[in-house]
Amino acid sequence: MNLSLLILFPLIFALAIPFCNGLKQIRMLAFIGAVIQLLLCFALLYFYSIKRNLGNTSQMVFENNLVWFAPLNINYHVGVDGISIAMILLTAFVVLAGILVSWNEERMSKEFFFLLMLLSVGAYGFFISLDLFTLFFFLEVAVVPKYLLIGIWGSGKKEYSAMKLALMLMAGSALVFVGLLGIYFNTGTFDLIQISQMKLSFEVQKLFFPFAFIGFGIFTALFPFHTWVPDGHSSAPTAASMFLAGISMKLGGYGCLRVATYLMPDAAHYYSSAIILLSTIAIIYGAFATMMQTDLKYINAYSSVSHCGFVLLGIGMLNQTAINGAVMQMVSHGLMTALFFATIGMIYSRTHTRLVSQLGGMLKIMPFISSVFVIAGLCSLGLPGFSGFVAEMTVFMGSWKNSELWYRIATILSCASIVVTAVYILSAIGKVVMGNLENNKFNALKDASWNEKLAAILLILGIVIIGIVPFLLIDLISPGTNWITTKL
Amino acid sequence: MSNNNYIALIPLLPFASFVLLGLFGKKYFNKLSGIIGTTSLLASCVLSLYAAYTYFFVFGKVNAVYQKFEVLKFSWLQFSTTTSIDMGLLLDPISMMMVVVVTFVSLMVHIFSLGYMKGEERFATYYAFLSLFTFSMLGLVLSTNIFQIYIFWELVGVSSYLLIGFYFTKASAIAASKKAFVVTRFADLGFLIGILILGFHAETLDFNTLISTLTNPQSAQFLSITSASFFGITALTWALVLVFIGGAGKSAMFPLHIWLPDAMEGPTPVSALIHAATMVVAGVFLVARLFPVFALDVTALDAVTYTGLISAVIAAIIACTQTDIKRVLAYSTMSQIGFMMFALGISKIGGEEGLGYMASMFHLFTHAFFKSLLFLGAGAVIHLVHSNEMKDMGGLRKLMPITHITFLIACLAISGIPPFAGFFSKEEILLAASNSNKLVFYVALITSALTAFYMFRLYFSIFWNKESQAHSEHGEGTLTMKIPLIILGICTLAVGFVPFSELVTNNGIGFHSHIDYLFSITPVTLSLISIFVASVLYKKQNLEPEIISKSLGKFYTSAQKKFFVDEVYLFITHKFIYTLIAKPTAWFDKNIVDGLMNLMAETTAKISELIKGVQSGKVQNYALYFFAGIAALAILFIYILK
């Protein structure tokens with residue numbers, strides 16, 4: 001299967017959007033594009049498993065390597081393993097759901113859907129790239145549209161948030177770029193597979209690992225560079241929040257794993273305690289900070305800081321179980337948080353408030369939306385049957401394998417965060433969904449429309465499938481994580 | 001061994017009913033959902049009775065020892081080559097016993113709810129949640145793997161949460177549901193870390209492998225877990241105590257019991273099922289499941305014994321002072337579970353040696369019947385008088401004869417009066433205690449007398465005392481409410497005669513136990529005296545109770561205030577966690593961390609403001625900078641970098 005199709009299709013649809021007239025045509029085009037993309041991703045999964053079942057054990061499959069800019073050794077080199085496929089599937093789910101919840105975006109809809117599609121091009125490109133320069137190129141393609149999405153279609157202090165997000169992510173990109181150049185000048189190539197077979201000297205790794213890891217870390221809310229998350233999410237329009245938390249934050253986690261840790265394993269060992277320290281702080285600190293939030297989007301944003309901490313914790317533990325957990329947590333958090341933001345968007349578009357204190361008794365008037373809210377909440381607090389549980393437990397099991405005292409303490413503290421999570425999630429459910437109707441004006445509000453229902457069901461399906469048959473996901477990603485851990 | 005795959009249907013039928021009712025029930029067949037849920041559970045109950053019968057009497061025993069069978073086991077989540085979460089069904093005496101208890105009591109509650117919850121708007125949702133609970137509880141008792149049990153453990157927790165908060169517009173119900181979940185979650189944290197320790201050292205999560213490797217003193221795993229230590233305590237002790245904390249949370253043991261009385265906010269049939277007969281004994285079940293491992297460690301067993309004993313006493317004292325009938329029953333549940341716990345704690349491995357273990361399981365079994373009967377009876381009373389308070393009741397025996405008789409039977413059973421079920425099991429517990437630990441025995445004896453007192457205080461206050469003011473518009477309740485009461489009443493009379501010691505022991509070898517009548521004289525006499533005292537005080541309205549409670553002064557009021565445990569928790573959570581941790585964290589994030597980021601941005605802006613003068617557009621300035629730069633570079637190369 002030609003992987004370039006994954007970039008080509010959304011690009012064609014993105015470019016076709018400006019030629020449409022009216023919201024109806026635009027959204028239909030975007031919808032069809034997203035559906036085709038999802039089917040394409042399933043086809044990819046199907047062909048991939050056939051290849052593996054036939055005994056193909058190569059690291060990457062469906063590779064394609066073309067020269068892009070010969071003088072600097074830049075190639076358009078793409079290929080996928082199980083980890084990338086999991087991330088690509090996640091992207092396809094979130095994109096389709098995001099388009100469905102933006103069904104009635106009337107303001108500058110051409111530009112809006114164009115930017116959404118462009119963003120997805122960046123994400124798909126990023127996950128299939130095996131050339132560091134190409135990878136960086138797509139990372140930037142995924143960053144820029146966000147600035148516009150928040151700045152134009154956002155709410156609240158949107159200019160400030162858009163600027164903050166763009167600056168912090170750009171700073172992250174700059175750090176990443178320094179890291180990549182460092183690797184390039186010491187190996188003479190941008191090719192990820194080639195670099196992984198060479199041995200970078202420990203000094204070089206020690207110098208450039210922090211650039212790459214912190215740079216990608218900023219994307220995935222590494223403490224203390226997480227402050228773009230709350231402001232960015234709260235100002236963003238619903239679909240942009242979903243893309244931001246569901247996809248963009250995963251670009252960072254994927255980069256930390258695939259680029260920083262995989263290419264510089266010695267440095268990963270050297271800095272492991274620092275990574276554990278920062279991620280444990282993020283987990284606990286994010287959870288406690290969430291307890292005090294009053295705005296639903298802030299609640300979910302801070303809880304994302306906490307949940308993404310598990311991704312970095314899993315990576316920092318440097319063994320296969322924990323890294324499997326980290327990848328599962330990326331997929332799980334992507335789906336779950338997209339679902340949460342979608343629900344918050346549905347509530348906000350009806351009640352025009354996101355303040356917990358002004359909501360209440362939603363179960364009475366909108367049972368569907370409320371049930372989805374409860375499901376998202378239960379997934380977030382790690383209930384078995386949903387994806388969050390398997391991901392977190394895999395991280396914990398992996399973390400416990402490191403028997404030094406410091407790692408033990410970090411693991412126990414991270415485990416303790418599940419109690420704090422239960423507190424803030426149940427408080428939010430108690431106040432928003434349960435109770436008496438806070439405002440009589442809400443009585444006339446309608447429950448979810450078909451497009452919103454479809455979006456929610458799509459994401460819930462993903463969450464539940466991973467939660468009930470997690471071995472499918474773990475079988476998919478294990479070969480990939482095995483390649484990474486054998487180098488550690 | 002015959003083909004036992006059909007046993008999977010026992011949990012899967014309620015699950016199917018949950019999915020069906022949860023997704024489509026409310027919209028398409030709200031009224032019918034009760035029948036659907038009940039029918040699926042009836043099928044499940046019949047299957048489980050059949051399964052238990054064939055296990056105990058047909059294939060379970062090989063060479064006079066009950067074997068453990070694993071059915072339909074598959075790897076669900078592989079962590080490494082040896083450790084994985086497996087899903088499967090474990091058939092052994094305790095799991096088969098629990099399957100019968102769970103499906104039977106659940107069936108009774110399903111039938112009772114047909115009448116009790118009639119006309120409820122969210123009827124289908126209610127039955128969906130009940131089915132979810134039954135499924136999870138069955139999964140829990142049939143688990144083959146310690147992580148599998150944890151999964152279902154969490155699922156029963158959430159079903160309990162959903163059902164306590166069923167009346168979601170009531171502020172007290174919302175608070176109670178949250179409290180129940182958070183407190184048990186906190187305890188589960190211990191359970192989880194215990195699992196991590198056990199899994200790490202034993203290199204397996206599978207119950208059978210875990211038990212067989214750890215009970216072999218020569219195995220590398222045993223040496224590893226007993227030699228590793230943390231703060232001078234071995235990893236084995238840590239693991240078991242932590243796992244027990246999880247069990248204590250679910251089973252409402254002191255000091256983690258605070259959620260149980262509040263959980264009475266849920267519909268009463270739910271209290272009968274979840275908070276009396278099944279979920280709250282999960283902690284006892286967990287200790288019993290891991291009993292061979294617990295038996296290796298004296299410290300862990302002592303923790304079980306004394307936690308159980310303290311809970312039994314404290315709960316019995318508090319129960320004497322409560323006026324809400326469901327809360328009395330809740331504390332009584334806590335007290336009875338305390339009996340089961342310490343009975344496990346004083347037990348040893350083996351047939352007769354393991355009398356405590358057998359007695360604990362026997363009491364769990366009989367308690368399920370009479371306690372769910374008490375709750376359903378209380379439900380019928382509440383249905384009639386629309387109040388939970390004793391002062392609104394009294395003289396109801398003529399209005400509700402069936403409820404009255406069955407309630408009386410259950411009260412006699414819990415008080416340990418022969419020949420009712422509770423007598424047999426409690427007698428075994430006391431006997432086991434007197435054989436192994438005299439302190440435990442005497443405390444248990446007093447607690448057992450207190451039990452008879454507060455139960456008959458409850459009984460007389462509801463059915464005697466003053467003349468009835470209630471006038472019933474719908475009589476005693478529907479037929480569907482009466483039938484479960486009658487069936488459970490008959491069971492309460494009958495189950496004591498089950499030859500339990502021949503079926504359920506911790507090594508699979510049955511023994512013949514007999515009631516020692518000489519030994520029984522003391523406890524039975526004490527209970528009868530307590531009943532007599534209760535009848536003097538509460539059969540007719542009089543001032544004696546008030547005088548006595550006044551004379552007890554501070555002790556009485558503090559018992560009535562549940563010994564202020566709730567206040568301590570509130571203090572810790574509010575003053576400590578909110579004010580000292582969460583608030584400063586949020587402040588720190590907003591002002592310091594984010595402040596630094598903003599400061600960086602502002603500084604950058606200021607610096608650019610300062611140096612923007614450099615880009616003046618004047619050529620002569622540029623020329624000046626140019627030469628200055630060349631001069632600087634020249635100096636650099638000549639003097640510094642030579």
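Domain bounds here come from an automatic or database domain assignment, and in this predicted model they divide chain A into domain 1, residues 1-263, and domain 2, residues 271-488.

**View 1. The two domains of chain A.** Domain 1 of chain A and domain 2 of chain A have centres, taken over C-alpha atoms, that are separated by 21 Å. Across the boundary, 53 residues of domain 1 of chain A are in contact with 47 residues of domain 2 of chain A.

**View 2. The interface between domain 1 and domain 2 of chain A.** Together the two domains bury about 4,400 Å² between them, and 79% of this area lies on carbon and sulfur atoms. The count of salt bridges between domain 1 of chain A and domain 2 of chain A is 0, whereas 10 residue pairs, both members at pLDDT 80 or more, are in polar contact between these domains.

**View 3. The side of domain 1 of chain A that touches domain 2 of chain A.** At least two residues of this side are supplied by each of helix H2 (22-53), helix H3 (82-101), helix H8 (202-219), H9 and helix H10 (238-263) of chain A. The most is given by H10(A), with 15 residues. By residue class, this side of domain 1 of chain A divides into 32 nonpolar, 15 polar and 6 charged residues.

**View 4. Helix H9 of chain A.** Helix H9, residues 228-235 of chain A, is mostly covered, with 8 of its 8 residues buried. Among the buried residues of H9(A) are A:Trp228, A:Val229 and A:Pro230, together with A:Asp231 and A:His233. H9 of chain A is also one of the helices that supply at least two residues to the side of domain 1 touching domain 2 of chain A.

Terms used
Residues are numbered from 1 along each chain as its sequence is written. Chains are lettered from A and ligands numbered from 1 in the order in which they are written. This is a predicted model: local features need pLDDT of at least 70, side-chain atom pairs count only at pLDDT 80 or more; totals for chains, interfaces and linings use all residues. Side-chain values use heavy atoms; hydrogens and water are left out. Buried means under 20% relative accessible area, exposed over 50%, partly exposed in between (1.4 Å probe, protein chains only). Helices (H or I, at least four residues) and strands (E, at least two) are DSSP runs, numbered from the N terminus. Contact means heavy atoms within 4.5 Å. Buried area is the accessible area (1.4 Å probe) that two parts lose on being put together, summed over both. A salt bridge is a side-chain nitrogen of Lys or Arg within 4 Å of a carboxyl oxygen of Asp or Glu. A polar contact is a pair of N or O atoms within 3.5 Å; within protein, one must be able to donate a hydrogen and the other to accept it, and residues adjacent in sequence count only if both atoms are side-chain atoms. Ala, Val, Leu, Ile, Met, Phe, Trp, Tyr, Cys and Pro count as nonpolar, Asp, Glu, Lys and Arg as charged, and the others, Gly among them, as polar.
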